[in-house]
Structures are given as C-alpha cells and as structure tokens.
Amino acid sequence: MGSTASGAGRARPGAGVSFTEADQAKTRGVRRMKRIATGLLAFATLVFALATWAKAAGAGAWAGYVAAAAEAGMVGALADWFAVTALFRRPFGLPIPHTAIIPTKKDAFGRSLGDFVGDNFLSAPVVRDRLARIGIARRLGEWLAAPGSAERVTTEAAAALRGVLAVLRDEDVQAVVSEAVTRRAAATSVAEPAGRLLGKVVADGGHRGVVDLVVVRAHDWLVANHEDVVRRVTQKTPGWTPRFLDHQVGERVYKELLRFVTDVRDDQLHAARGAVDKFLGDFATELQQDPATIARVERAKNDLLERAEVQELIASSWTAVRQLVVSAAEDEQSELRRRIRDGLRSFGQRLATDAKLQSKTDGWLQDAAQYVVETYRSEITALISDTVAGWDAADASRKIEANVGRDLQFIRINGTVVGALAGLLIHTVAVALGG
C-alpha cells in the first residue's frame, strides 16, 4: 500500500545507512504486522459489505449497528494507514503535500536532533550534576584498590608504552632530543651556577680530597718515572754544558720536584694547598661576578655543544633510554612496573577513603567535562546533523521504519478497533435520539 519515497527526499547521495541483520529481522516483523493490520481492514470491509447487504435484505436492526461499526472501523483504519504511510513515503505515489515526511525532512530532523542533544545532554549544568551524582573518584579509587586492578592497568600501560615506542622513529626522536637539549643548554647560563657550586665546595673543603688524590698520584708517578724525568730535564739543557753536569742538574730538579710533591702530600697546611684554596675561591667569585670570565665560560660551553661528538652523544642517549624503558616495560618484575603497581594501588586506597581528595578529583573531572562540552559541543552536535544529512533518504527511511514501524502498525490496528467502537456508539446514540 504505497511506493518508495520519491527522489525529492534525497538531499544528497550520501553514504548508505548500514542495514544490519537485526534491521532485516525487524523489517520482516514490520511486514507481518502490516499484513495483520491490512487484513483487519479487509475484514472490516467484508463485514461492512455483508452487513449492508443484510440490512437491505431486511435482516433487522442489528445489521445497521454492524454496518455502522464496520464502516467507522474502515475509516479509522484508512486514516491511520495514511498517517503511518505518510511518515515514510507518498501514499500510492501521489504528490500529496506533507507526506514522505522522514525522507523529505531528514536533514531538518538531523539538525533538530543535534540541537536537542546539545541543549539537553551537553550542557555544563547537566554534565556537572551527573558526574557529581556518579562519584567517579570514589568508584575509581575502589576499583584501583581492588586486587588485580593495579596489575591490569600496569599491564595495559606497559603495552601502550611499548606500542608508542615502536611507532616512534628513532631518528626523529633523536633530532628532537638533540635540538631540545642543545637549545636548553645554550639558553642556560652555566658560569654563575658553577661559581656558586664551586664556592660552596671550597668553603666546605670538599675539594681537598681531589687535591690529595692529585698529589698522591703525582708523587707515585715521579717515583715510578725517575729516569724519564731526569732525561727530559737534561734534554732541555744547553748543548755546550758537560754531560755529567746535565745529569746532576736533572737529578737535582727531580729531587726538588719529589720533595715538593712529598711535602704537599704530607702537610695539610702547606702553602701550595693554601694557594690552591685561594685560586679556587677567587675563580668561584670570578665565575659569579667577572663579566669577562663569565663570557669565556659561556663561549667554551657553546663551542663544546657545537662539537659533533657532543651532538652524537646527546642524540644517542635516546637509544639507551628507549632500550631501558622497553626492557622495564616488558619485564613484569621490573622496578618500573613494580613502582607503578604500588603507586596505583596506594593512590586507589587513598582515593577510596579520602573525602577531600575525592572532592578535589571530582572537581577536576567536572571542570574537564565542562570544558569539553563547552568547547566542542558544536562539533559533537554537528557530527549528528552531518551524519544524518549524509544518509541516503530512502535508506534512512527504511532503517527508521524497520526500528519503529512495528509499533506504528499497532496504530492502524487500534484505529480500526477504536473506529469501529466509535461508529457503533455514534449509531447507537443516533438511533436512541430517533435518527
């Protein structure tokens, strides 16, 4: 009883609406209900014809009552058939105004649906109130504190981390790390912090262990390289001096060097140690206050950063970090995963019992949700309206009819029954009034 929707309802040839097996089963159910409703209309028509014939044949007053009820049932059935059919197609294919409503008004319905969702579901007060009543923070805390939850989150996080590291290209990350470290180091002054650190070390005597180590190693080296030191000294003497005299000079220089180093090693109050203390203290002050010294240190830092070896070292650090993280993520007993598990479980226990933390966390979630709905509400509602607008009009009509058409057929059945009862009542009243 009706043809397919006309081409006027196709706003654009969009992507067809997916028609699943469940939709096909619903469509078969709609067809069965249509046959029942149409059969009821046919039954009312047959009863009307027989009752009218019986009335004409003088069967009695009852024939008039039956004919009136059947006639009204036919009218009700036809009216409701027209109303239901007009939602999805043009009855009999006739261009009757305000029919095929769903195909022709599909885009308007999509916009209205988007506006309805935006106004009633994506408003900040509604979202905040709903989140406040749910108590997400408390539920999240209880779930994290439950046995196995922290382990599950850790496992999924480790898998996600491995996936991210697998996707990232090493050369891209190395370039980013190298550029970031270099830029950060170049923009950061090292002279003044180094001066403050050196000044603190000198004031605390922290450098004395290094001085002790240097003089001990110098003493041991001199003892081990006696002949080499003497030979090097004699090589610097004039060529006209006697050889035995050169050797005596070399021996004398060696003994003085050894005596000096030994004295410095054994005497904590040696003047050389004091000179080192004064030099380091003055250098620490210059690093913080002397513009020329600061400039030289910064130039040296920049020259060091520009060296290819340093850049390669910075870039290669990513490879080491990546391997370390991947290994830790794959090993269930690694320190990284253990700390994450323990941290999640501890956080869950606190979140489940600390009302203040729950309130703060719920507030953050509500603020985040409010920001999302206020910022992206138009995009979300546009997704609804654009999706509906992209549907093929005939396919959309078929899908909607498959999902609601069965209930609509009950309107036709009810219209037949109610119409018949109304017709019987009207005929009864008319007869009672002498009609």
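Which residues make up the largest nonpolar core?

1. The largest nonpolar core has seven residues: Ala191, Leu198, Val202, Leu280, Ala284, Leu287 and Ile294. A nonpolar core here is a set of buried Ala, Val, Leu, Ile, Met, Phe, Trp, Tyr and Cys residues joined through side-chain atoms within 4.5 Å. Buried means under 20% relative accessible area, with exposed over 50% and partly exposed in between (1.4 Å probe, protein chains only). Helix 9 (191-204) and helix 13 (271-289) are the elements giving two or more residues to this core. There is also a second, separate core of six residues, including Val117, Leu122, Val127 and Val373.

2. A word on what you're looking at: this is a predicted model, where local features need pLDDT of at least 70 and side-chain atom pairs count only at pLDDT 80 or more, while totals for chains, interfaces and linings use all residues. Residues are numbered from 1 along each chain as its sequence is written, and side-chain values use heavy atoms, with hydrogens and water left out.

3. Back to Ala191 from the largest core. Not counting residues up to four places away in sequence, Ala191 touches Leu287, Ile294, Val297 and Glu298. Contact means heavy atoms within 4.5 Å.

4. Now the helices, which are DSSP runs (H or I, at least four residues) numbered from the N terminus. Helix 2 (residues 61-88) and helix 18 (residues 393-432) have axes that come within 6 Å and cross at roughly 155°. That makes helix 2 roughly antiparallel to helix 18. For the labels, angles under 35 degrees count as roughly parallel, over 145 as roughly antiparallel, 65 to 115 as roughly perpendicular and the rest as oblique. Axes are lines fitted to C-alpha atoms over the stretch in contact, and angles run from 0 to 180 degrees between N-to-C directions. The contact of helix 2 with helix 18 divides into 16 nonpolar, 11 polar and three charged residues.

5. Gly419 lies in helix 18 and is buried, with a relative accessible area of 13%. Leaving out residues up to four places away in sequence, Gly419 touches Ala69, Ala72, Gly73 and Asn414. Gly419 and Ala70 are 349 residues apart in sequence, yet 8.3 Å apart in space, C-alpha to C-alpha.

6. Helix 7 (residues 149-167) packs against helix 15 (residues 308-330) at an angle of about 150°, with their axes 9 Å apart. Helix 7 and helix 15 are therefore roughly antiparallel to each other. On the helix 7 side, Ala158, Leu161, Arg162, Leu165 and Ala166 meet Trp318, Arg322, Val325, Val326, Ala329 and Glu330 in helix 15. The residues of this contact divide into eight nonpolar, no polar and three charged.

7. Gly348 sits in helix 16 (residues 335-353) and is buried, with a relative accessible area of 0%. Setting aside neighbours within four places in sequence, Gly348 is in contact with Gly141, Glu142, Leu144 and Ala145. Gly348 and Ala145 are 203 residues apart in sequence and 4.8 Å apart in space, C-alpha to C-alpha.

8. Last, have a look at Lys301, which is found in helix 14 (residues 291-306). Is Lys301 buried or exposed? Lys301 is buried, with a relative accessible area of 12%. Lys301 touches Ala185, Ala186, Thr188 and Val190, again not counting residues up to four places away in sequence.

Definitions and conventions:
Ala, Val, Leu, Ile, Met, Phe, Trp, Tyr, Cys and Pro count as nonpolar, Asp, Glu, Lys and Arg as charged, and the others, Gly among them, as polar.
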